[in-house]
Protein chains: 2
Amino acid sequence: MAYHIEFEPVGRRGECPPGETLMDCARQLGVSIVSICGGVGKCQGCKVQVLKGTVSEPTSAETELFSTRQLNESWHLACQTYPKSDCTLYMPPESMTTSQRLQVEGQGISVVLKPAVKAYRVKLPEPTLSDLRSDATRLLDALEKQRRVRSASVDIAVLRDISPNLRLWDWQASVSVREHEIIAVNPPGSRQLGLAVDLGTTKIAGYLVDLKKGDTLAAKGVMNPQVGYGEDIISRIYNAIKSPKASAQLRRLAVSTIQQLAADLCKKAKTKVPEIVDVVIVGNTAMHHLLLGLPVKQMAQPPFLAAIQKALNIKLRDLGLHFAPGAYGHILPNIAGFVGADFVATLLATGALRAKGLTVAMDIGTNTEVALISNGTLTSVSCASGPAFEGGHISHGMRAASGAIERLRISDSAVEYQTIDEAPPVGICGSGIIDAVAQLYLAGVLDEGGRMRREHPRVRVNNNQPEFVLTQEHEERPPITITQHDIREVQLAKAAIRTGIQVLLDTANRSEDEIEQVIIAGAFGTYIDISSAITIGMIPALPLERFHQVGNAAGQGAKQALLSLGKREEAQVIADQVSYIELAAAANFTGTFAQAHYLGKYRIKNGRRERITGEGLGL
Amino acid sequence: MAYHIEFEPVGRRGECPPGETLMDCARQLGVSIVSICGGVGKCQGCKVQVLKGTVSEPTSAETELFSTRQLNESWHLACQTYPKSDCTLYMPPESMTTSQRLQVEGQGISVVLKPAVKAYRVKLPEPTLSDLRSDATRLLDALEKQRRVRSASVDIAVLRDISPNLRLWDWQASVSVREHEIIAVNPPGSRQLGLAVDLGTTKIAGYLVDLKKGDTLAAKGVMNPQVGYGEDIISRIYNAIKSPKASAQLRRLAVSTIQQLAADLCKKAKTKVPEIVDVVIVGNTAMHHLLLGLPVKQMAQPPFLAAIQKALNIKLRDLGLHFAPGAYGHILPNIAGFVGADFVATLLATGALRAKGLTVAMDIGTNTEVALISNGTLTSVSCASGPAFEGGHISHGMRAASGAIERLRISDSAVEYQTIDEAPPVGICGSGIIDAVAQLYLAGVLDEGGRMRREHPRVRVNNNQPEFVLTQEHEERPPITITQHDIREVQLAKAAIRTGIQVLLDTANRSEDEIEQVIIAGAFGTYIDISSAITIGMIPALPLERFHQVGNAAGQGAKQALLSLGKREEAQVIADQVSYIELAAAANFTGTFAQAHYLGKYRIKNGRRERITGEGLGL
């Protein structure tokens, strides 16, 4: 006998024999679950919520780690739990490994389908000596007569092909219409596809969507090749300002990557690029401007203005992109020079405008956008959080790739960690860095000002600065360490974010504890351990259930805008409603920023807020 | 004492001493007037109409050449007439030499100004830390607030420049708006110019127009460099079908010529190409399709269809043309595969749709379009008249250039002629060829079937065929002759046109004599002598006052469409209303075409129709 177990939102399901834990079951089903302590019930890495079914009683390890509320809500450690019936389990993002999460991204979303482009199949009467209408008139007439669609114009690029094509297809065709304009004429029976693009500073994600059904046919993320012109947007902006050649090259790189991404997605989905009749693109304002060939100089000087905020509908060929011949790209609106269309897409996907209660929404990256939403009023700031969370400026930092330490726990003087793909450790990525700083602080290795105490046996001095040894030298691999300088970088980064939140609260005359919901979007934000982020003082110490890690919400927002004209309007409403505060110009900026450098006052233990005493120095 | 003499429509004026003829006066003022007989009152070349003032009594030469009605209407021969007071004279197109007529073309026209693009001057508030609107939003807001113009979008190419430009121009600008779209942002005080282009098979004419005032600032005609791919459209179409490379090259040639023409016109008018914010292009369907990169294969096969008939509004950059960054080209509608936008423009400019009484409108060229208008109903045909009237396929034929015989008269056995620029004769152009055939026929050298009689002293046999010697060998120049073969070519050409007219009449169940008005447009049509064209049977033998030679009406129509949205609508109405008859498919085509080869039955003498007896053989 075996139980039927379902893991959500991954959607993986299968049988689990009664003698095996949920952790064993997950592994057998290929669901990749976090396990820092090695499955001995000492970390919360593998926590899951039982939505349906019965499981074994909580073990002592579970009652120690979870609060009463969490236990009441059926939270369990997968490594400690045996199913007692068929079960449906919820696996929160923080329990998924990086590779597992990447698979989850780009799942179907439900919006009312109302795409900008609609397709109509028509059969044209053949011309005769007594019916001398031109090919275009013949097509427009058939569309009106057979489908009651009155189109006013035919795109010039479409016109260039219809005469031979209509004859080739025996006077039948699938006609794609957008706002009274024929933007494509494809063979009868063609699919109507859309492409949603999240043009990130580091990664470019693409989603190929069936516009008629709303399904995602393929999704793919690739590195943004613009990194050659600077890892962060500021360096890219300066490069673009310095040289028109660099500016043109940055544009070309973005364009060719999107074009290639589309080709790859079409190959995956066994379809053809000309079947892509609509494209939605989101990105931060800098990426947006560089792709569109807009000037960025005014973004680099106070008051840091965007060239345009409004949503744009641009013939894709004007951007150098080639899909269906007359296809448009819809570019979501920007909010400000450093709060872009990607954040609008995030707010769109998370329904932020309709949020009940005081809500903070943020997308953490080298630039972190934060919005405070209160009764439909949105205020936003942009925080220069820098590259530390992507592994930049950190001695052993790296991106979230194979061998990166993504989770870390210090108990006594032992360091336990989990790497991506469970490969031998080669560095430490953003989520691991936050864990490391939090654990060092809780272990008393760091004081609240971030100074590293040299008394811990794993602290050594190298190049005149203390560093904590995370992994020992192993098979010719050098040890992986966290240096005092790394701690300072993390403090700068987290202070920027915390300042943003605080300035928004101060401006609205509200306090931290009033926040009812914190939405954390973006690839990095999804991977971090919220408790660790609270411990280092990056985010307010609120009950964990108030936090929602929503993954690549920008990409989801782009997809929604692709499938629904209503969502495009909503995005414009969001962008129009948001008031933007230039952080450096805020009244209390300097004091707030200085204060924000301190590590946190609280930790979350057993679901409860607990003051950090700094007495834990594990000597 | 001297009289003040004005020549219209040329607009040249000056003093004329009482002892000098109007011909002398014209010459002194630089007005180039036709004079075949050398000013001895033997030809009608220099006929003018006295609109105001008193002149000398008609001489016997004048009373002989003019009808009573013409005399009553104050027609005079300039060479025979002395002014007796200040005078205003009308010089009809046929009295102007070719070079004089080229100067007249592109004169001002009066339409109610309602251009598609309007300009607004705005002054923007400078951005501050508390006014963080993007540059585009700032511009759109200023336009709405200061000029009550609500624009929905900014062209992407305009967006690419506004941020630096607004700062450079101290936040002031002249904004060009077309249908809620900002298509150009120019320095404050910029002009709003439009370009009208008549893309002819042989010649490309451009007119640079001030859209605010309606003035023509400059006009220029250049040769169409596509002639390298065939003198007529049929050869060009076949070249384009045979090779995509040739097709691309034909397109590039048209594009680069228009671009260069615009640059030349701007230089002439001391302005800059980016001030051109609107362009209207007309051309026959083949030229239209080749310029737009549309397929032409279906035009070469029955039933000879256009890819598109409707008027098009296309971003000029999509055609490879570069004016104001977001400017559109408006391409007038076509009627059929061989009745194009240029003919629509002709019908527009001549007000054909509103013509009272049975009207024939025609544009004579290698392809001749003819329309019959009756009570607002338009029917059209296309006639393959071939290149004879442009000098093609004629032994000594040439285009209307310096040294071409443009007028010709045979009296007794003498040949009198006038050449363009009064240069030594080097060949014979279209109007000269028609004169020659008519004169040979009247002189009895040709019979009504077009056969050349060998009895005339100037007829010799060369290569086994008879030819008529127009000019003798002179200073090493070979003689200029008209061969039997040339006569056959002219017969073919004129038969095509006459057949077109006849088929239209037959279809409408009307007769020649009912025609109240014949509008002859096109460069060539303006140069021909109507009497000669009647004599050879090319056009019906109607009283001369029913004919109107209107010059390059296609160019005028393009200009009207440039200045007035109403005219664009009217053009579409014309194109939609015209019913087109495929000539070769007409019931009585073969018989009509065979009959049309005969030379005319009538000549016009002293304004009256007179049967040609064929007895005039000047032996």
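In which loop of chain B is B:Trp171 found? The structure examined here is a predicted model, in which local features need pLDDT of at least 70 and side-chain atom pairs count only at pLDDT 80 or more, whereas totals for chains, interfaces and linings use all residues. Residues are numbered from 1 along each chain as its sequence is written, while chains are lettered from A and ligands numbered from 1 in the order in which they are written.

B:Trp171 is found in the loop between helix H6 (156-168) and strand S8 (172-178) of chain B, where helices (H or I, at least four residues) and strands (E, at least two) are DSSP runs numbered from the N terminus. Most residues other than glycine have a negative phi; phi of B:Trp171, however, is positive, near 65°. With 18 C-beta neighbours inside 10 Å, B:Trp171 counts as partly exposed, a class that lies between buried (20 or more other C-beta atoms within 10 Å of the residue's own) and exposed (12 or fewer), with C-beta atoms placed from the backbone.

In chain A, a positive phi of about 70° is found at A:Asn464, which is not a glycine and which lies in the loop between strand S22 (459-462) and strand S23 (465-471). A:Asn464 is exposed, with 6 other C-beta atoms within 10 Å.

Peptide-bond geometry was also examined. Most peptide bonds are trans, but the bond from A:Pro302 to A:Pro303 is cis, with omega near -5°, and A:Pro303 is placed in the loop between helix H9 (285-292) and strand S14 (312-315) of chain A. In chain B, the bond from B:Pro302 to B:Pro303 is cis, with omega near 0°, and B:Pro303 lies in the loop that runs between helix H9 (285-292) and strand S14 (312-315) of that chain.
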